[in-house]
Structures are given as C-alpha cells and as structure tokens.
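Here are some notes to read with the model open beside you.

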Amino acid sequence: MDAVKDLPSKLNDEKHNEEASIPPPNGLGDIRHQLNFFDRIHQTGLKTVQALKITLNQPEYHHPSKAFILSDVERLTGISRVTIRDNEKKGNIRYQDNPPGITKSEYSFQDLDAIRDYFKVGFFNGAVKRPAHLEPIILSVAMLKGGVGKTSTSTNLAAACAHEGLRTLFVDLDPQASGTMSFGYVPIIDGINPSSISSSLCDDFDDIYKIIRPTHYGNLDIITSSLELQGADLILPNPSINNVETMGPPMQRLQRVLGLIKHNYDVIICDCAPAHSSVTLNALAASNALIMTVTPHMLSYGSSLLFTKELQNFMEGILDFSEENDISPDQFGIHNDIFRLLITNDPQDAESRDVSAFLRSLYGKYVLNNSMISTIALSRSQNDMGLLYDVKRSSVRKSKSSFDRGMASMEMVNREIISLFKDHWGAN
Ligand SMILES: Nc1ncnc2c1ncn2[C@@H]1O[C@H](COP(=O)(O)OP(=O)(O)OP(=O)(O)O)[C@@H](O)[C@H]1O
Ligand SMILES: [Mg+2]
C-alpha cells in the first residue's frame with residue numbers, strides 16, 4: 001500500500017526518466033508514463049475547471065443568492081404586481097430585515113415566502129409551512145443506464161421545488177459529482193470535508209450535520225458528492241468493515257440518516273449513479289417516490305427493463321429475508337407513494353415517437369405526460385456548470401426561441417411532478 005502511495009512522488013522524481021523509455025505511438029507506455037500522464041491531465045484539468053469557476057463567478061454559499069424581479073414574483077406567486085406594490089406601500093407585507101412600507105426592486109426566496117404568507121398562497125393549501133402531520137417526500141431519480149438525464153432532471157427539479165417555496169434538499173449520490181458541480185461546488189478544488197455522504201453511511205450518522213451546505217437557491221440545500229463516495233459501495237456490502245453492529249442493516253443507512261434531518265425539508269431529491277450499487281439500493285429503500293428517466297431509444301428501453309429486473313430482485317431479497325427471519329417486511333419502511341417514468345432528451349422525431357409509444361404502452365399511466373425535449377439550452381447550462389434555471393434569458397444571444405422551448409419543456413415536466421407532490425399531500 002505504501003509503495004502505491006509513494007508512487008506519485010517517486011514519479012515526479014523520475015520525470016526526467018520519461019525520455020528513457022519511449023511510449024508506443026498510440027499508447028501511454030509503462031506505469032510511470034501512465035501515472036505522469038494522468039497526473040498532468042488531472043492537474044491541468046483542475047486548473048481549467050478552477051479558471052472556469054472563477055470566470056463564471058459560480059454560485060456558492062458565499063455568493064449572493066438568486067434574486068427575482070417583480071415580474072418573476074408575479075409569475076411565481078400568482079399575485080399581480082399591482083397588488084404586490086399596493087400592499088408593499090401600505091406596509092402589509094413584512095420583509096425580513098426591511099422596514100415596513102418598502103417597495104422592493106429585488107426579491108429573495110425569503111421575500112417570496114413573505115408574499116405567499118401574506119396572501120395565503122403558500123404551497124400547503126395556502127400555508128407556506130408544511131403541516132406537521134404531512135411527511136416530507138424523499139424522491140430518487142434513478143436508472144441503470146448512464147447519460148439518460150437523471151442529473152439534469154434532479155437538479156432542475158430541486159430548483160423548481162425551491163421556486164415553489166418548498167424547502168428542498170438535493171442529495172448527490174453519484175461519485176461523478178455532476179449534480180454537485182451543477183451547484184457550483186467542485187469538491188477537489190473547494191476542499192470540502194467531508195465531501196460526500198459516505199462517512200454518514202459507513203461510520204457515523206451524525207456526520208450528516210457536517211455535510212449539508214447551502215446553495216444560491218434560498219430554499220435549497222445540498223449534500224455534495226465526490227469520488228470518496230465510491231468507498232461506501234465497497235464498505236457497505238462487506239460485513240467485516242460495514243459497522244453492522246453499531247449502524248444496523250447496510251441497505252437502510254440512508255433511510256436512517258435522512259431520518260435525522262428530513263423534517264427540516266419538504267422535499268429531498270436523490271440523484272443516483274448509473275449503477276445498481278449499494279448506495280443506489282440505499283436510495284431506493286429510503287425514498288417514497290421514484291422517477292426513472294429514459295431516453296426514447298431502444299437501448300435505453302432495454303436498460304430500463306434490466307433496471308426493473310434489479311428492482312424486482314431487490315424487493316424479492318427483502319421479502320425472502322423477512323420470511324427467513326420471521327419478521328414483517330413492513331418494518332423495512334419501504335413504501336412507494338409516487339412512481340413515474342420520465343422520457344428525457346427527447347428529439348421528438350419519428351424514431352423517438354415510436355419508442356415513446358412503446359414506453360407508454362408498457363408503463364401506462366406511470367409515464368409522465370410531459371417529456372423533456374432535447375435542448376441545446378440544457379447542455380449549455382451544464383457546460384457553464386449550472387442549471388437551466390440559472391440561465392438568464394437576457395444573456396441568451398442567438399437562439400432565444402430555442403431557449404424558450406427548452407425552458408417551457410422543463411417547466412412543464414417539473415410542474416407535473418410537483419403536482420404529484422400536491423396530490424400526495426392533499427395540497428391545492
Ligand atoms: N433534455 C436534454 N437536452 C439536451 N441534452 C440533454 C438533455 N438531457 C440530458 N442531456 C445531456 O445528456 C448528458 C447526460 O445528462 P445527465 O448528466 O443529466 O444524465 P445522467 O443520467 O445523470 O448521467 P449519468 O448516468 O452519467 O449520471 C449531459 O451532457 C446533458 O447535457
Ligand atoms: Mg448523473
């Protein structure tokens with residue numbers, strides 16, 4: 001182990017040896033060359049990301065929160081701008097840290113809550129706060145196949161929930177950390193410690209309190225991820241190191257750890273890795289809502305079937321275990337209140353229409369009516385390490401109509417999902 005640890009420094013010492021053995025024309029050569037190469041790429045790549053982050057002035061906790069202008073507030077609260085202004089002047093709406101009677105030009109998430117509170121148009125039958133008898137929703141966005149829009153869906157849905165005034169937590173359960181970076185956090189650069197939920201799952205539930213961080217969306221917190229999370233997938237299934245005596249069944253760790261903090265939130269959204277890993281199983285066990293994302297291609301359709309097979313195995317495993325140990329399977333607390341399939345990255349061409357029709361005939365009412373169209377706006381927002389909701393329309397230079405189409409599609413998908421939350425809670 002020590003020898004492996006020492007390798008990079010030795011390698012630096014031996015950099016002058018690079019020329020001694022010549023790598024093959026299309027390959028990287030011996031282990032030293034390979035390490036040198038990957039080290040260089042890593043270091044240079046990090047500098048690029050860091051520079052990008054500074055250039056973009058990426059939103060982080062120390063950056064100003066996202067703010068809204070009056071027309072946004074009108075759209076988000078459903079209260080006309082004239083009525084808002086009128087009541088501001090009369091001093092009826094009390095904004096935190098502002099004297100009564102102030103008319104605002106910029107509104108924070110808290111200001112939105114103050115307006116919703118005053119006009120009784122909060123999410124929960126007019127109330128801004130979730131009534132105590134309603135449980136928070138824990139939603140996993142999962143699919144075995146990679147690149148099918150899990151992160152795009154989960155990050156933007158989290159932002160949409162925050163816009164609705166829902167207190168939201170985004171949990172990045174993918175060591176690739178794309179969701180984390182979409183919120184402007186780059187664990188390796190930002191020196192975040194702990195950088196993932198791994199230690200909360202494997203060592204100490206209380207670590208969860210150290211890893212929740214704010215985002216620039218006032219109502220939205222994040223649990224970041226990093227490569228470190230891969231460790232959890234090795235530790236959890238291994239009975240000799242998974243602390244089963246002190247921390248209980250390895251598949252229920254996330255359920256237990258989220259149980260410590262879930263009442264601070266209305267919605268918790270878990271972005272899963274494209275793998276049937278221990279962490280993904282933990283997410284499935286912890287959630288009462290599941291969205292599976294599928295692109296309208298036959299290969300993606302096939303992967304969705306493999307994933308359903310894995311889910312079936314998972315449920316069977318729990319039922320068998322319960323039977324063998326003569327316990328009720330209900331004690332695992334696994335219950336699904338909301339399940340939907342979301343068609344993502346939909347080019348809306350003839351081919352995709354055929355596959356979408358297959359998906360709809362197979363999953364029936366469980367396919368969301370709205371699919372997320374393919375849109376350059378989304379990939380651009382991700383290239384800027386952000387969300388679609390971060391893109392200011394005024395900054396879109398050429399293709400405003402394409403941006404509008406992408407945004408409208410995203411909004412319709414999110415509205416449909418959030419309306420399922422409303423139904424579940426009996427809110428209107
Ligand atoms: N609706 C869309 N329009 C255009 N591009 C999209 C759309 N949805 C996803 N993409 C692109 O597809 C790629 C994969 O998307 P995303 O990261 O959301 O998928 P994922 O399922 O989370 O991937 P992974 O399995 O690797 O975690 C990204 O480059 C993203 O920009
Ligand atoms: Mg992802």
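1. A word on terms before we start: Ala, Val, Leu, Ile, Met, Phe, Trp, Tyr, Cys and Pro count as nonpolar, Asp, Glu, Lys and Arg count as charged, and the others, Gly among them, count as polar. By that scheme, the shell around ligand 1 divides into 4 nonpolar, 13 polar and 2 charged residues. A residue belongs to this shell if its C-beta atom, placed from the backbone, lies within 6 Å of the ligand. Of the 19 residues around ligand 1, those that come nearest are Gly146, Lys150, Thr151, Ser152 and Pro274. Two elements give two or more residues to the shell, α6 (150-163) and α17 (376-383). Helices (H or I, at least four residues) and strands (E, at least two) are DSSP runs, numbered from the N terminus.

2. Please keep in mind that this is a predicted model, where local features need pLDDT of at least 70 and side-chain atom pairs count only at pLDDT 80 or more, while totals for chains, interfaces and linings use all residues. Residues are numbered from 1 along each chain as its sequence is written, and chains are lettered from A and ligands numbered from 1 in the order in which they are written.

3. Now for the overall layout. The protein is divided into domain 1 (70-119) and domain 2 (137-425), with bounds that come from an automatic or database domain assignment. Taken over C-alpha atoms, the centres of domain 1 and domain 2 are separated by 33 Å. Where they meet, 7 residues of domain 1 are in contact with 6 residues of domain 2; contact here means that the C-beta atoms of two residues, placed from the backbone, lie within 7 Å. Helix α5 (residues 109-119) gives the most to the domain 1 side, with 5 residues. That side of domain 1 divides into 3 nonpolar, 2 polar and 2 charged residues.

4. A residue is buried if 20 or more other C-beta atoms lie within 10 Å of its own, exposed if 12 or fewer, and partly exposed in between, with C-beta atoms placed from the backbone. Just after α5, Lys120 takes a positive phi of about 55°.

5. Next, the sheet. An open sheet is formed by 7 strands in the order β3-β4-β2-β5-β1-β6-β7, with mixed pairing; two strands pair if DSSP finds at least two bridges between them. At the edges are β3 (212-214) and β7 (338-343), each pairing on one side only. From one strand to the next, the twist averages 20°.

6. Which strands does β2 run parallel to? One is β4 (residues 220-223), which pairs with β2 (residues 168-173) in the parallel sense over 4 bridges, and Leu169 stands opposite Asp221 in β4. Another is β5, joined to β2 by 6 bridges and also parallel; here Leu173 stands opposite Cys272 in β5. In a regular strand the side chains alternate between the two faces of the sheet. In β2 both faces are covered, with Thr168, Phe170 and Asp172 buried on one side and Leu169, Val171 and Leu173 buried on the other.

7. Two helices to trace against the sheet are α6 and α18. Helix α6 lies across β1 (137-142), β2, β4, β5 (267-272), β6 (289-294) and β7, and runs at about 165° to β5. Helix α18 (residues 400-425) packs on the sheet, touching β1, β5, β6 and β7, and its direction makes about 175° with that of β7. Axes are lines fitted to C-alpha atoms, for helices over the stretch in contact, and angles run from 0 to 180 degrees between N-to-C directions.

8. Finally, some single residues. Is Ser199 buried or exposed? Ser199 counts as buried because it has 22 C-beta neighbours inside 10 Å. Its place is in helix α9 (residues 198-202). Asp97, in the loop between α4 and α5, has a positive phi of about 65° although it is not a glycine. Asp97 is exposed, with 7 other C-beta atoms within 10 Å. Asn243 lies in the loop between α11 (230-235) and α12 (244-247), and has a positive phi of about 55°. Asn243 is partly exposed, with 16 other C-beta atoms within 10 Å.
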